[in-house]
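Hi there,

Here is the structure I promised to pass on. Have a look at it first, and my notes follow below.

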Amino acid sequence: KTTTVNAAGQRTYTYSLAGTVKVLFQSISSERRVVPYVDNVDEVQIYLSYVDKSLASYENRIQNIVDRFGNVIEAGPLEVVNVIYQTGFNGKIRQVLLNARKVVENA
């Protein structure tokens with residue numbers, strides 16, 4: 001995420017590709033939002049391995065979720081809403097659960 005300020009003093013954000021990772025994905029809900037636009041906002045859960053926990057950040061956006069054949073399941077961008085570190089019995093981080101929702105404005 002890169003922040004730039006235009007002549008009017010408004011911040012604009014630009015995102016670049018940080019990497020491609022293997023994840024588990026499931027859809028959990030859909031919300032009907034009427035402000036600022038009328039849209040169905042889908043929410044998904046994404047499970048990351050502990051190896052990729054550095055990518056679990058509220059600043060990151062998820063672009064496209066594809067299956068193993070390369071077909072796009074969920075087109076992005078998705079914004080990370082919640083980051084949950086799940087530990088194993090030994091107390092070490094085993095996996096990271098990301099709740100993400102489709103970006104409605106400024107996509």
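Is E74 buried or exposed? At 11% relative accessibility, E74 counts as buried, where buried means under 20% relative accessible area, exposed over 50% and partly exposed in between, with a 1.4 Å probe and protein chains only.

Before the rest, some ground rules: this is a predicted model, in which local features need pLDDT of at least 70 and side-chain atom pairs count only at pLDDT 80 or more, while totals for chains, interfaces and linings use all residues. Residues are numbered from 1 along each chain as its sequence is written, and side-chain values use heavy atoms, leaving out hydrogens and water.

The count comes to 2 salt bridges (a side-chain nitrogen of Lys or Arg within 4 Å of a carboxyl oxygen of Asp or Glu). In one of them, E74 meets K102 at 3.7 Å, N to O. E74 lies in strand β6 (residues 72-87) and K102 in strand β7, so the pair ties together parts that are 28 residues apart in sequence. Strands here are DSSP runs of E, at least two residues, numbered from the N terminus. K102 counts as partly exposed, at 27% relative accessibility.

R101 and E43 also form a salt bridge, at 4.0 Å, N to O. R101 lies in β7 (residues 93-102) and E43 in β4 (residues 39-49), so this link spans 58 residues in sequence. E43 counts as buried at 16%.

As for pairing (at least two DSSP bridges between two strands), β6 and β7 run antiparallel with 9 bridges, and β4 and β7 are antiparallel over 7 bridges.

Best wishes

Key. Helix = DSSP H or I, 4+ residues; strand = E, 2+ residues; numbered from the N terminus.
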